[in-house]
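Morning, everyone. I have one structure to go through today, and I will keep it short. Please look at the screen.

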Amino acid sequence: MKQSRLNQYITKADTFFRKQDFDTFYTTNVRILLHFGMWFTFTLLLFSNYYYVTGISSNQSIFLSSRVLLSSLVVFYLFFYLVIPYARNLNLWILPFLTAPVCIFIWLFINNLFYVLAYKYDFDISNLYPLMGKEKDFIPNLWSVFSFKAVLLNALSVIYSLSPFFFTKILIDIRRINKDRMRILEQKSKLLLENISVEKAFLKAQLNPHFLFNTLNNLYRLTLKKDDTAPEVVLNLSEIMGYTLYDSDAEYVSLAKELDFIENYFSLEKMRYPKSYQIELNIEGRAHAHALTIAPLLTFTLIENAFKYGLKNEEASFVILTIHISKDQVAFKIKNDKDVFNTLKTPSFTGIGIKNLQKRLQLIYPNQSDLHIIDSSNEFSVALNIALPHD
């Protein structure tokens with residue numbers, strides 16, 4: 001029960017700190033205050049250990065605490081505020097490893113300097129020598145620290161003394177780097193989404209005049225013949241224009257509305273071609289469409305390309321679109337014939353429309369979509385499967 005309550009506190013604390021804006025919180029004043037608090041706490045703990053645990057005098061406890069504090073301060077700021085930035089600017093990440101032995105020398109040198117100064121100014125610390133693994137009659141020597149034996153014997157002590165500060169600093173830097181990386185990724189995603197919005201707006205602008213021109217010509221021909229289907233054409237055109245101008249501005253629309261748009265588009269395009277051409281639209285599982293949402297105009301490029309590049313062979317012209325809808329997925333498959341006499345007039349894998357579709361799928365449906373394009377000698381087909389959220 002206690003463990004469960006502890007886990008709840010840890011989870012709440014983690015959630016709280018994740019929600020905080022690190023850069024807003026970690027200002028210069030806060031940084032200085034935290035650094036001061038860290039070193040003050042460290043020194044207080046050292047003094048308490050020397051004075052209460054070891055049982056040495058207060059003056060000697062202050063002396064030893066100051067010795068470790070100064071050496072740790074110098075090495076810490078030298079390493080993290082000089083070596084690391086220099087290595088980052090030059091992209092030379094072997095530099096911190098090369099300078100690590102130098103930092104150990106500096107730490108040992110400052111420690112030894114305290115012994116030398118104490119000896120020079122008659123500050124008696126001879127009773128501390130056995131505590132530090134030295135002989136009772138030890139005479140401090142400023143350069144004795146540079147012996148291989150001294151470094152080898154004291155390296156673990158140096159690492160032990162510096163590890164709390166290094167660990168804390170590394171954690172903070174990792175947090176900051178991750179925050180910067182997330183900010184960059186967020187800005188990049190935002191920019192890509194803005195580009196997609198621009199491209200979608202361009203797609204709508206392209207649809208309106210191109211499609212409107214052809215449809216009005218067909219409508220004019222029908223009115224001259226006083227064809228009874230003319231009102232239906234007007235209604236289909238009105239619904240298409242309303243969808244592209246208003247509904248498609250939303251991030252997601254009902255799949256049912258997207259299907260209505262596709263049906264209207266197919267119906268109007270079909271009017272342009274002879275009845276002998278195979279132009280088919282098959283929708284399976286439409287009952288699920290009202291409960292699902294989809295990004296608007298997602299498949300329009302595929303449909304437009306099929307009519308633009310297909311229907312070129314009088315004997316075998318076809319555009320066939322099959323849409324299969326399940327409870328949480330929709331599968332589009334569209335195929336069209338190719339102009340066997342002009343292979344250049346075919347939709348390409350690297351076209352702007354296909355690239356735009358791939359980018360939209362990557363941003364809107366990451367790991368939720370599957371796009372396959374097959375370009376054979378006489379047929380071009382595209383299959384797209386998307387896992388869709390419910391409305």
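Before the sheet, one term: two strands count as paired if DSSP finds at least two bridges between them. In general, strands of a sheet pair through backbone hydrogen bonds, either parallel or antiparallel.

What you see is a predicted model. The protein has ten helices and seven strands. Of its 391 residues, 36% are buried.

Now the sheet. It is open, with five strands in the order β2-β4-β5-β7-β6, and the pairing is mixed. Which strands stand at the edges? They are β2, residues 278-284, and β6, residues 369-375. Each has a single partner strand, so one side of each has no neighbour in the sheet. On average, neighbouring strands here are turned by 5° against each other, ignoring direction.

β4, residues 318-325, runs antiparallel to β5, residues 329-337, and seven bridges join them.

Helix α8, residues 255-270, touches β2, β4 and β5, and its direction makes about 165° with that of β2. Helix α9, residues 300-309, touches β2, β4, β5 and β7, and its direction makes about 15° with that of β5.

Last, a helix pair. α3, residues 28-54, packs against α4, residues 58-90, at an angle of about 145°, with the axes 9 Å apart. The crossing is right-handed. What kinds of residues form this contact? There are 14 nonpolar, six polar and one charged.

Definitions and conventions. Residues are numbered from 1 along each chain as its sequence is written. This is a predicted model: local features need pLDDT of at least 70, side-chain atom pairs count only at pLDDT 80 or more; totals for chains, interfaces and linings use all residues. Side-chain values use heavy atoms; hydrogens and water are left out. Helices (H or I, at least four residues) and strands (E, at least two) are DSSP runs, numbered from the N terminus. Buried means under 20% relative accessible area, exposed over 50%, partly exposed in between (1.4 Å probe, protein chains only). Axes are lines fitted to C-alpha atoms, for helices over the stretch in contact, and angles run from 0 to 180 degrees between N-to-C directions. A crossing is left-handed if the near helix is turned anticlockwise from the far one by less than a right angle, and right-handed if clockwise. Ala, Val, Leu, Ile, Met, Phe, Trp, Tyr, Cys and Pro count as nonpolar, Asp, Glu, Lys and Arg as charged, and the others, Gly among them, as polar. Contact means heavy atoms within 4.5 Å.
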